[in-house]
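Biologist: Please walk me through this fold. I want to learn how to read its features.

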Amino acid sequence: MTLAGAIRLALDSNPELRASSGRIDVAAGRAYQAKLWSNPELTLNAEDWPVNGGNGFSDAKQTVGLAQTFPYPGKKKLDRQIGVSGVRLSEAELSLRRVELVRDVKTAFYHVLAAERLVQVSGELVTVAESSAATARKRVAAGAAADQEQLRAEIPLEQARTELSGFQRELVTAHQTLALHLGRPDLSEAPVSGALAEAASPGLLDQGPEQWLPSHPSVVAVKASRAQAELALRRARLEPYPDVRMGVSGGRIGETGQSIIQLGFAVPLPIIDRSKGKKQEAQANARIAEADQMAVEQCLLRDWGTASKRFRTAVEQVTRYRERILPKANEALRLVQTGFEQGKFGFIDLLDTQRTTAEVRLAYQQKLLELNVARAELEALIVRNPAEATTIQPAQSQTKP
């Protein structure tokens with residue numbers, strides 16, 4: 001499974017993303033329903049029905065008609081606009097969820113790659129430690145070294161085995177996390193292919209917040225929510241104005257057979273309920289939406305500052321490890337191994353140098369993971385079009401330290 005394939009699979013299978021997509025249909029249905037008027041009413045009336053004497057129902061005044069409620073001007077238009085804004089809000093939330101899902105899949109994928117590399121390096125270190133321990137046992141058995149030399153060699157071996165066991169558990173957890181984001185628990189053991197990037201993506205920090213902040217999916221979503229709250233406030237202000245119910249019916253007077261037409265009007269009187277509570281609620285929601293927009297923008301700026309600083313630090317650390325620390329550690333190990341073979345260094349010196357080199361190699365993998373995770377966070381921030389979130393920057397192949 002490649003990173004690009006994992007992202008495509010997550011976009012197709014993640015249940016949270018499918019739920020967000022379904023909410024668009026819910027909002028669309030609500031918007032369609034909001035623009036419709038209420039159904040007309042069929043009215044059947046029989047009045048002045050004599051109960052003592054006469055011909056009963058035949059003598060009653062009988063009418064058949066229709067009645068319709070006419071909303072106050074502007075109400076249905078705002079209902080329709082609120083419905084449309086609800087669709088836009090659901091679409092913005094889906095876009096945001098897509099961006100977050102791509103970021104989470106990238107992060108989980110990088111953790112799997114790092115965990116696999118750590119297991120590989122740790123396994124190699126166990127092999128080296130086993131060889132060193134075997135050499136120490138031979139030296140002790142031959143009387144060329146004291147017993148403590150064997151003990152000193154077995155301690156790093158046990159440490160290496162313990163670290164390997166821990167990295168193996170981390171690899172299992174990383175696979176499970178990736179499968180969870182994919183929405184495919186059955187792929188918790190699927191192998192992955194790829195390599196952690198060892199260099200910074202060109203131009204990643206060139207786009208400042210002023211370029212991507214207004215169009216970030218989080219800002220778009222909170223703006224849509226604010227627009228909906230403002231429309232709801234305008235609608236609440238119209239709520240006290242009554243809707244008019246009008247009806248027309250026709251029939252006859254039973255006793256005389258005379259045809260008649262009746263007209264009726266009904267207007268609610270806003271005496272008891274003036275929708276004061278609805279207006280108060282709508283005003284509060286509008287203020288909340290405004291505050292939410294400010295909070296989201298501030299959080300994005302904070303995240304940008306944290307992620308960009310984390311990215312720069314990771315780039316510097318990876319570069320320092322690759323260009324200075326790793327070469328020095330490898331060279332030191334080579335010199336000590338050569339000197340040990342020539343009798344210039346003792347076995348303990350060799351063990352210490354091997355251990356130091358191992359720690360450097362493991363730390364380098366951690367720094368690579370930090371670099372790639374920080375890059376994924378920055379890519380999720382600077383994305384403008386949600387489709388861009390699925391774009392994968394090619395990773396440079398990792399050199400084996």
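**Strands, patch and helix**

Modeller: Strand β1 (residues 41-47) and strand β2 (residues 61-70) run antiparallel, joined by 7 bridges. Two strands pair if DSSP finds at least two bridges between them. Helices (H or I, at least four residues) and strands (E, at least two) are DSSP runs, numbered from the N terminus. This is a predicted model: local features need pLDDT of at least 70, side-chain atom pairs count only at pLDDT 80 or more, and totals for chains, interfaces and linings use all residues. Residues are numbered from 1 along each chain as its sequence is written, and side-chain values use heavy atoms, without hydrogens and water.

Biologist: Which residue in β2 is the bridge partner of Thr43?

Modeller: Gly65. In β3, Gly65 has Ser249 as its bridge partner. β2 and β3 pair antiparallel over 10 bridges.

Biologist: Which strand gives the most to the nonpolar patch?

Modeller: β4, with 3 residues. β3 (244-253) and β4 (259-266) each supply at least two.

Biologist: How many residues of α8 are buried?

Modeller: 26 of 36, so α8 is largely enclosed by the rest of the structure. Expected span is 1.5 Å times one less than the number of residues. Helix α8 (residues 347-382) reaches 53 Å from first C-alpha to last, close to the expected 52 Å.

Methods
Buried < 20%, exposed > 50% of the residue type's maximum accessible area, 1.4 Å probe, protein only.
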